[in-house]
Amino acid sequence: MQNTWEGKNSMNEIIFKILLIIGILFNLFGCIGLVRLPDVYNRLQSATKCVTLGTCSILLSLLFHFGFTEIGIKAIVAIPLLFFGATVAAHALVKGSYLFGVKLGDQSVIDEYKDEAEKSSEDKKKMNKK
Amino acid sequence: MRYLVLFILCMIIWILLTFSLELNNIIVGAVVSVLTSVIFGRYFIKNTSKFFQPKRYFWFIIYLIIFLWECLKANFDVAYRVLHPAMPIRPGIVKVKLNLRSVTARMMLANSITMTPGTLSVDLKDDILYVHWIYVSTTDPEIYGLKVAGRFEKYIKRIFD
């Protein structure tokens, strides 16, 4: 495959490198947050936001490196899939861990979900008895 | 009608992913798309006439720009909280009331909230959204309803509702 973008157009190469470095840095921040933050919910915050943007940035940098060829288009198509996958997975993990009984961390200020969660877990018990 | 729209969407994604216009490739894609639209068509958007209103696409582009900006801000915000030695967090779960009616609009708003600074949607019961917030700045329900959902609600209402 002849690639007219690569090498000749140095502007795209610079953008490719900058986006790649930004992506790797944000992935790193996400992982540091995963270690440092206190409980499951805060950890998921850093895991969804930083890691999603970091990976999207790496995929976007691929578009600049390869141009509108097979690989570049595939990288672009992967971005919305990754976005919806990450958000829905975070939602499912948070809801699942709350209903399973993982407590909020000590620093937490407010919890308005408690009543609703108790109600829905009672409903589930009733369903199981039936 | 909704089956047809879903079929066309699947076909476009298939062609973009495989990136070839050979006959056997297109036949495989068509078979897979028909299967997908037959199985999942009933979960798809009910009112498909929304797809043919150009106004919605216009608002979608504006929404996309604002969303990308908020997403970048979210990342710097989380990076700041993670790297700061004292870790300035005040987490909590708050209740936000939504003014949107259609299911797709609520889904998109919940996804957008997950990607914006410091918020993560936990559960959606009818029109109340439970949001985990990494820094609860006020305890007044009206103010944090505006802070969490107000940025996107008007755009999403114009696009999906």
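View 1. On chain A, helix 1 (10–36), helix 2 (40–66), helix 3 (70–100), strand 1 (110–111) and helix 4 (114–129) each bring at least two residues to the side touching chain B. Helices (H or I, at least four residues) and strands (E, at least two) are DSSP runs, numbered from the N terminus. Helix 3 of chain A gives the largest share, 13 residues.

This is a predicted model, in which local features need pLDDT of at least 70, side-chain atom pairs count only at pLDDT 80 or more, and totals for chains, interfaces and linings use all residues. Residues are numbered from 1 along each chain as its sequence is written, chains are lettered from A in the order in which they are written, and side-chain values use heavy atoms, with hydrogens and water left out.

**View 2. K95(A) meets D123(B) in a salt bridge.** Their closest N and O atoms are 3.5 Å apart. The count between the two chains is one such bridge, defined as a side-chain nitrogen of Lys or Arg within 4 Å of a carboxyl oxygen of Asp or Glu.

**View 3. Strand 1 of chain A pairs with strand 1 (residues 92–97) of chain B.** The pairing is parallel, over two bridges; DSSP must find at least two for strands to pair. Look for I110(A), whose bridge partner is G92(B).
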